[in-house]
Each structure stands twice: as structure tokens, then as C-alpha cells.
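Let's read this one together, one feature at a time. Have the viewer open and follow along.

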Amino acid sequence: FPELRYVSLNNNRLQRLPDTGHLPSLQTLALEGNRLEGLPDWLLECPNLTTLNLSNNPWKALPARTLE
């Protein structure tokens, strides 16, 4: 999905995100209100991601590079 820019997966009871491959154009990812406990490393490889909504998920772990 090289041209995908906006994805909303709010309130879908997701427990993990699938490996989607490279998403070079992704700018906004909305994941509010799921059951995510962590994020995959591939998410940090999205060079144009500027908005990431992670609220209302039971977090246990984030990738080590998240705060870099």
C-alpha cells in the first residue's frame, strides 16, 4: 500500500497489528480503544508518520526506539 496515508482502526478490539510491509506515505494512524499491549517495530519505519493515536489501550511494552 505505497500510497496509503490515513488509517483508522479505532475501537476494533485489536490485540496486535499485522505486518503490513512498508508504508512510506502513511501520515496518520488511529488505534484508539483497542486491546493493544505493544507495537511492532515496523511502525517506527514509517518516515512520514506524524499523527499516532494510541489512547485507551492496555500498554505493556513499546519498541525500545519509540522515544528516540
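Q: Which residues does S25 touch, leaving out those up to four places away in sequence?
A: In this predicted model, S25 touches P2, E3, L4, R5 and N48. Its place in the chain is the loop between strand 1 and strand 2.

Q: Is S25 buried or exposed?
A: S25 counts as buried because its relative accessible area is 16%, and the cut-off for buried is under 20%. The side chain of S25 also reaches the backbone oxygen of P2, at 2.8 Å.

Q: What should I look for among nonpolar side chains?
A: In soluble globular proteins, nonpolar side chains tend to be buried together. Here the largest nonpolar core has 11 residues, including V7, L17, L23, L26 and C46. Within that list, C46 touches L23 and L26, again not counting residues up to four places away in sequence.

Q: Where does L17 sit, and what does it touch?
A: L17 lies in the loop between strand 1 (6-8) and strand 2 (28-30), and it is buried, with a relative accessible area of 10%. Beyond four places in sequence, L17 touches L9, L31, L36, L39, P40 and W42.

Q: How is empty space found?
A: Rolling a probe the size of a water molecule over the atoms shows where empty space is left. In this model the largest pocket holds about 170 Å³. Its lining includes F1, L4, L17, T20 and W42, and divides into 11 nonpolar residues, one polar and no charged.

Note on methods
Residues are numbered from 1 along each chain as its sequence is written. This is a predicted model: local features need pLDDT of at least 70, side-chain atom pairs count only at pLDDT 80 or more; totals for chains, interfaces and linings use all residues. Side-chain values use heavy atoms; hydrogens and water are left out. On a 1 Å grid over the protein atoms alone, a cavity is a set of points where a 1.4 Å probe fits but cannot get out, and a pocket is an open set with protein on both sides within 12 Å along at least five of seven lines; lining residues have an atom within 4 Å of a point. Grid points are joined across faces, edges and corners, and a volume is the space filled by probe spheres set on the points. Ala, Val, Leu, Ile, Met, Phe, Trp, Tyr, Cys and Pro count as nonpolar, Asp, Glu, Lys and Arg as charged, and the others, Gly among them, as polar. A nonpolar core is a set of buried Ala, Val, Leu, Ile, Met, Phe, Trp, Tyr and Cys residues joined through side-chain atoms within 4.5 Å. Buried means under 20% relative accessible area, exposed over 50%, partly exposed in between (1.4 Å probe, protein chains only). Contact means heavy atoms within 4.5 Å. Helices (H or I, at least four residues) and strands (E, at least two) are DSSP runs, numbered from the N terminus. A polar contact is a pair of N or O atoms within 3.5 Å; within protein, one must be able to donate a hydrogen and the other to accept it, and residues adjacent in sequence count only if both atoms are side-chain atoms.
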